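Open the model in your viewer and keep the selection tool at hand.

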Amino acid sequence: MFEKTLTDLIQGLRANKRNEAEYIQRSLSEIQREVQLSDMHQKSVAVDKINYLHMLGYDMNWANFNVVEVMASPRFGEKRSGYLAAMQSFHQDTDVLMLTTNLIRKDLASANVMEVSVALDGLAQVATHELAQDLFDDVLAVMGHTRPYIRKKALVCACRLVGRYAEGLPEFVPLLKDRLDDPDPTVVAAAVSVVCELARTDPRSYLSLAPKLYRLLTTSANNWMLIKIVKLFAWLTPIEPRLAKKLHAPLSHLVSTTTAMSLLYECINTAVAGDIIDVQLPATDSVGREIDFAELCARKLEQFYESRDHNLRYVGLVTLAQLQARRPELVAAHYNTVMRCLDDPDMSIRMRAIEAISGMATRKTLVATVKRLMSQLVLSNTVALQPDSRAELNVESEMSDLPLIDSAGASLVSAQGTIVPPKSDNTSDVADNPEYRLAAIDAIINMCSRQSYANMTDFEWYVATLADLVYIAGVDVGQRLSERLLDVTVRVRQVRAFSIKMARRLLSDSCLVDRATSDGTNSPVLATSAYIMGEYCALQPSSAEDIELLLPPRLCKLSDEQQAVFVQAAMKVYANWLKDVSGYWNPEIWELVRSVTSSTQHTLSSIFMGVSTCAALPLQVASRLRMFAEILKTVSMATSNMGDTAPPVCAELQSLFSAYELNPVSAAAQGKVPVPEDLDLDTYIGEPIPDTMHKVMPPPSPPAPRRQSSAKDPFILPSVDDIPMVALQLDTPVHAHKPRKSKKKSRRKPKPRSPSPPPAPVDIADDEDIVSK
C-alpha cells in the first residue's frame with residue numbers, strides 16, 4: 001500500500017531535476033523488487049513505471065518476462081498495461097515472444113470485446129513471422145465478429161500480419177472483398193484503407209476488386225474513403241486501360257462539384273496519371289456547360305497555386321508539371337501565375353515552379369524566363385560583381401534598367417565584373433541555396449537546348465548566357481556549361497565566330513584563370529574555350545596575344561586533359577597566325593615572328609620547368625608538347641635569316657590542322673548506312689595473319705647432362721646402361737585374384753549364374769619385340 005504509483009514517479013521526476021539520474025536509479029531498484037512480487041496489481045503498476053522510463057530512453061529488456069506475466073492477468077486493466085508495455089518494448093528478436101502464442105490466441109477467442117481488441121492491437125505491433133503464421137487463422141476468424149469495432153481492428157491486424165507472413169495473402173483477399181460489402185460504413189472504410197495499403201506494392205493482385213470499388217466511388221459520400229478509392233484507381237488504371245473510359249464520368253463529376261481540396265487534388269492527379277484526360281468524352285463544369293476534361297482540370301488547378309496555403313500551392317504546381325507533360329497547350333495560359341511563384345519565399349514552391357516553368361517556355365517567353373532566373377542568381381548573396389575600376393556600378397539599382405544580356409549578345413557580367421568573395425550581408429535568400437541554384441541553372445540549360453534548340457532564335461544570346469553563368473553560378477556546374485557551349489558551337493556554324501570572342505573573353509580574365517584549380521570555379525569551361533579558339537581559329541584573325549592566353553603560367557596546375565587541350569589549341573593558333581602574317585612579309589614581320597617564336601619557346605619551358613623530360617609528363621600532354629616544340633624549332637631555323645619572302649613552312653604549317661574538317665556526326669548515323677550486298681564480313685580483307693606464337697616462343701633448351709654416380713655421392717643413380725636386366729619367368733601361370741567371401745549371410749536365395757568364360761592367355765612382349773616395334 002506504500003508503493004509508488006506512476007503518478008508518484010512522474011511527480012518525483014519533476015521535483016528532482018537536479019539529480020534526476022540518481023532518482024531514476026533509485027526508482028529502477030524499487031521497480032526491480034516490485035516486479036518480483038506475487039501481487040499482480042503491484043506488478044502491473046511496476047510495468048507501467050518501467051514502460052514510462054523506457055519512453056525516456058532507459059532499457060527494460062530485463063523485464064520482458066514480467067511483461068508477459070502481466071499480459072496473462074485475468075483483469076483487463078492489468079492486461080492492458082502488459083500489452084502496452086509489449087507494444088513499446090518488444091521487437092523481432094525478443095526471445096519471450098514465443099511464450100505469447102497461446103496467450104494471444106486465448107484473448108482473441110475471449111467473450112470480452114475489450115480483451116479481443118487489446119489482443120489485436122498488441123499482435124499487430126509485435127507480430128513476427130512465426131506469430132503471424134500461428135495466429136493468422138485466428139485473426140481471420142475474428143473478421144466475422146458481431147461487433148463492427150472488432151471487425152475494423154481485425155482487418156488492420158490482418159494487414160500487418162500479411163506483411164510478416166505473405167503466404168496468407170491468398171486466403172485474406174476473399175475475406176477482404178467480402179468486407180467491402182459490410183453493412184457498417186466504418187468497416188467498409190477500414191477495408192478500403194487496407195486495400196489501398198496493400199495495393200501500393202502490388203496493385204495487379206487487387207484488380208478483381210475494381211467493380212466493388214467503382215460502386216463505392218459512385219455511391220459513397222465519405223470524402224476520406226473517396227480519396228483512397230480514387231488513389232487506388234490511379235494505380236489500377238495503367239494496368240487496365242479500359243478503366244479510363246469507365247472512370248471519366250464519376251471523376252469529372254467530382255472535379256466539378258466537390259469543395260474538398262484534398263479530394264479535388266486526388267481526382268485531378270488520377271485523371272492525369274491514368275490518362276483519363278485523353279478520353280474523348282465531354283465533361284460538365286459547375287454551371288452545366290460541356291468542356292474538355294483536361295481543360296476543366298487545368299482551370300481547377302488555379303485554385304491550388306493561387307491559394308495562400310503553401311501546401312496547396314505545392315501540390316498544385318506538382319500536378320501542373322505532370323499535366324504540362326501531356327497537354328502543354330493548356331498549361332501555357334498559366335505562365336504568368338507560375339512566374340509569380342518563382343518569387344515565393346518557400347524554397348519547395350520555388351523548386352516546383354522551376355520544374356513547371358521549364359516545360360512552359362516557348363520562343364516568345366524563353367528570354368524573359370531566363371532573365372528572371374538569372375536575376376535571382378545575380379541579386380543573391382552568393383555571388384557579387386566586382387565593379388569596373390573606371391566607374392562604380394550599383395548592381396541592385398541598375399539591374400532593373402539594364403537588361404542582363406543585351407540583344408547583341410554582349411555579356412553584362414563578364415564585361416563589367418568577375419568573381420569576388422560573397423557579400424557580407426547577413427540576410428538569407430532562397431537563391432543562396434546551392435540546390436536551388438543548381439535547379440535554376442539546369443532549367444535554363446534545358447529550356448534553351450530542348451529539342452535541338454527548337455525555341456532558340458538568337459544563338460549569340462545563348463552563348464553569352466552560358467558565359468554569364470560561369471560567373472554567377474555560385475556552384476560547380478562547369479562540366480554542364482562546357483558541354484552546352486561546345487555543343488552549340490559545333491552544331492551552329494553561324495555562332496562559331498562569336499563563340500571565339502566569348503572564349504577569348506573568358507581566357508583573358510586573369511582572376512578566373514588563376515582560380516581555375518579551386519573548387520566551384522567552373523574550370524572545365526576554360527578548357528572548352530581553349531578548344532574553341534584552337535579548332536575555329538581560322539574564322540577570325542589570330543594575334544600573338546591569343547597564343548599567350550592559351551599558355552597561362554598556371555597551366556601545369558590543371559588536369560592532364562585540360563593541359564593537352566590548351567597545348568593543342570596554342571599550336572593551332574600559332575600555325576594560323578603564321579599563315580596570316582606570311583601574306584605581307586617584311587622585316588618588321590620577320591622580327592615579330594622571331595620574337596613570338598622565341599617567347600613561345602621560353603613560355604613552354606617556364607611552364608613545364610619542373611619536368612626534366614617529356615617522358616615524365618602524361619602521354620597526351622607529352623606528345624602534343626613534343627610536337628609543338630618541334631614546330632617552333634623548325635620555324636626558328638627557317639626564319640634564322642631574313643628573306644624577301646616568307647619561308648614556305650610559315651604558310652603551309654596550318655595545313656597540318658585544317659586540311660580536313662571534322663563535321664559533327666549523329667550517334668545513330670552508322671545505323672542509317674546501308675550494308676552493301678557484296679560485303680562478306682567472314683572473309684579476310686587481306687592475307688590472313690599467320691600464327692606466330694611458335695616462332696616467338698624460344699625453342700626448349702636441351703636437358704642438362706645426367707650426373708654420374710660416384711662413391712662419394714651414393715644417391716645418384718647409375719646410368720641406364722649399367723642397370724642389370726632381369727629375365728622374366730614366362731612359364732609361371734597367371735592366377736586371378738579371388739574375392740574375399742563375406743561372413744554375413746544373405747537371406748535371399750542366390751540366383752544361378754552362368755559359367756564364366758575361361759581366362760584369355762596373357763601375351764607379354766619381351767624387350768626384343770619392343771625394340772623391333
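Is Cys448 buried or exposed? Select Cys448: this cysteine counts as buried, because its relative accessibility is 0%. Bear in mind throughout that the model is predicted.

Go to Cys157, which is in no disulfide. A disulfide needs the two sulfur atoms within 2.5 Å. The structure as a whole holds zero disulfides. Cys157 has 1% relative accessibility, so Cys157 too counts as buried.

Now turn to the aromatic rings. Across the whole structure, a search finds six aromatic pairs. For one of them, select Tyr574 and Trp577. The ring centres are 6.2 Å apart and the planes meet at 35 degrees, so the pair is tilted.

Next, display helix α31, residues 560-582. Tyr574 and Trp577 both sit in this helix, about one helical turn from each other, because they are three residues apart. Colour the two by accessibility. Tyr574 is at 0% and therefore counts as buried. Trp577, at 4%, also counts as buried.

Move on to Tyr453, Phe459 and Tyr462. Select the three together: ring pairs link them into a cluster.

What lies over the face of Tyr436? Pick Arg350: this residue lies over that face, at 5.5 Å from the ring centre. The tour ends here.

Technical notes: Residues are numbered from 1 along each chain as its sequence is written. This is a predicted model: local features need pLDDT of at least 70, side-chain atom pairs count only at pLDDT 80 or more; totals for chains, interfaces and linings use all residues. Side-chain values use heavy atoms; hydrogens and water are left out. Rings of Phe, Tyr and Trp (its six-membered ring) pair if their centres lie within 6.5 Å; planes under 30 degrees apart count as stacked, over 60 as edge-to-face and the rest as tilted. Helices (H or I, at least four residues) and strands (E, at least two) are DSSP runs, numbered from the N terminus. Buried means under 20% relative accessible area, exposed over 50%, partly exposed in between (1.4 Å probe, protein chains only). A charge sits over a ring if NZ of Lys or CZ of Arg is within 6 Å of the ring centre and within 35 degrees of the ring normal.
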